[in-house]
Amino acid sequence: MSTQTLHDGEFLKLKRERHWEYVQRQKSTGAGFIVAMTNQKELVLVEQYRIPLGKRVIELPAGIIGDSDDTREESAEASALRELEEETGFRGTHTQRLCSGPVAAGMTNEMGYFTRVSGLQRIGEGGGVDGEDITVHVVPLSRLLLWMERQRQKGLLVDPRIYIALYFLQNPTSSDLS
């Protein structure tokens, strides 16, 4: 089976194998999704405009793992600590890998890593780097579902990965760091 490169961009490659087209991310070992809860039982979320969707999206803090020379050897856990601080202004002290798997198996070979970060301390405002324009939301778990529905009613999109975070927060394991 031969694989053809249809486009080789700065960040992505578009490839074709037989009848299937898919994307490979350049310079990355995966995508990290961060489940961060404060001591007050609040989930830390971010909101940002996503060009492919043309809308603002409520998401877990997240980032690409190993996408620069400085972070090439970075683990998912180290990436989660760095990205959480950049995007939200929260610094964490403990990490726990919750699960990993394909992000969008029919479209990309990218793997996603869910990491719980605990021991949070707010050290800044967040907002991201390089003009990411991130809004930080700290939402009590007891009101999370209602809050997300209100965001949808305002016209924002809500990433379903938040429900994965909610599952892990409501079903802690014996090794949970909460």
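Predicted model: local features only at pLDDT ≥ 70, side-chain atom pairs only at ≥ 80, totals over all residues.

Reader: Ok, and what lines the largest cavity?

Author: Its lining includes G32, F33, I34, G63 and Y113; a lining residue has an atom within 4 Å of a point. Two or more residues each come from β4, α1 and β10 (111–118), and α1 gives the most, with four. Helices (H or I, at least four residues) and strands (E, at least two) are DSSP runs, numbered from the N terminus.

Reader: Switching to the pockets, how much space is in the largest one?

Author: About 1600 Å³, a volume being the space filled by probe spheres set on the points, which are joined across faces, edges and corners. A pocket is an open set with protein on both sides within 12 Å along at least five of seven lines.

Reader: Which residues lie nearest the centre of the largest pocket?

Author: R25, R50, G63, I64 and E110, out of 45 lining residues.

Reader: What does E110 form a salt bridge with?

Author: R25, with the closest N and O atoms 2.6 Å apart. The two are 85 residues apart in the chain: E110 is in the loop between β9 (94–102) and β10, R25 in strand β3. A salt bridge means a side-chain nitrogen of Lys or Arg within 4 Å of a carboxyl oxygen of Asp or Glu.

Reader: Is E110 buried or exposed?

Author: E110 counts as buried because its relative accessibility is 11%, while R25, at 33%, is partly exposed. Buried is under 20% relative accessible area, exposed is over 50%, and partly exposed is in between (1.4 Å probe, protein chains only).

Reader: How many salt bridges does the count come to?

Author: Twelve. One of them joins R82 and E83 at 3.3 Å, N to O, and E74, R82, E83 and E86 are linked in a network. E83 is buried at 8%, and E83 is also among the residues lining the largest cavity.

Definitions and conventions. Residues numbered from 1 in each chain as written. Heavy atoms only, no water. 1 Å grid on protein atoms, 1.4 Å probe; cavity = no way out; pocket = protein on both sides within 12 Å on 5 of 7 lines; lining within 4 Å.
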